[in-house]
Amino acid sequence: MSLSAWVPIVGLLVLGALFSLFSVAIAPIVGPKRYNRAKLEAYECGIEPTPQPIGGGRFPIKFYLTAMLFIIFDIEVIFLYPWAVSFNALGLFGFVEMLLFIGSVFIAYAYVWRRGGLDWD
């Protein structure tokens, strides 16, 4: 295998690194400089930061349900794509295994739905 096959990959990595370094370096120069008290505070997803008790506070269950939803659908997509690409090679065994996987994902989805994870008010 010759090194010429790696030239496009290395070139793309170098181009990406140069673009990211350029973007970080030029942002303070051309970006707006209107600082205020709100911009200097820690960002907490649009919620006004409140003082926390020593040792940390309790997170609402909604936080964990949202994280669980993300993990469920992220993992499902990660496993569905390679399965769909090699569907013919896997045959009936692959189909049954995917049905079992989708069934287990549906159980987690039903749990999140029942606990109110899909209500965004």
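User: What is the mean pLDDT of the protein, and what share of its residues reach 70 or more?

Analyst: The mean pLDDT, the predictor's confidence in each residue from 0 to 100, is 82, and 83% of the residues reach 70 or more. This is a predicted model, in which local features need pLDDT of at least 70 and side-chain atom pairs count only at pLDDT 80 or more, while totals for chains, interfaces and linings use all residues. Residues are numbered from 1 along each chain as its sequence is written, and side-chain values use heavy atoms, with hydrogens and water left out.

User: Which elements have the lowest and the highest mean pLDDT?

Analyst: Helix α2 (residues 37-40) has the lowest, at 72, and helix α1 (residues 7-30) the highest, at 95. Helices here are DSSP runs of H or I with at least four residues, numbered from the N terminus.

User: Why is Glu76 called buried?

Analyst: Buried means under 20% relative accessible area, exposed means over 50%, and partly exposed lies in between (1.4 Å probe, protein chains only). Glu76 has a relative accessible area of 15%, and is therefore buried. Glu76 is found in helix α3 (residues 61-85). Leaving aside neighbours within four places in sequence, Glu76 is in contact (heavy atoms within 4.5 Å) with Phe101, Ile102 and Val105.

User: Which other residues of α3 are buried, and against what do they pack?

Analyst: Besides Glu76, the buried residues of α3 are Leu65, Leu69, Ile72 and Trp83. The buried residues of α3 pack against α4.

User: What makes the pair of Phe73 and Tyr109 edge-to-face?

Analyst: Rings of Phe, Tyr and Trp (its six-membered ring) pair if their centres lie within 6.5 Å; planes under 30 degrees apart count as stacked, over 60 as edge-to-face and the rest as tilted. A search of the whole structure finds 5 aromatic pairs. In one of them, Phe73 and Tyr109 are 5.8 Å apart centre to centre with 65 degrees between the planes, hence edge-to-face. The pair links distant parts of the chain, with Phe73 in helix α3 and Tyr109 in helix α4 (residues 87-114), 36 residues apart.

User: How is the pair of Tyr109 and Trp113 classed, and how are the two placed in helix α4?

Analyst: The pair is tilted, at 5.9 Å centre to centre and 50 degrees between the planes. Because Tyr109 and Trp113 are 4 residues apart in helix α4, about one helical turn separates them. Trp113 is exposed, with a relative accessible area of 54%. Phe73, Phe106, Tyr109 and Trp113 form one aromatic cluster.
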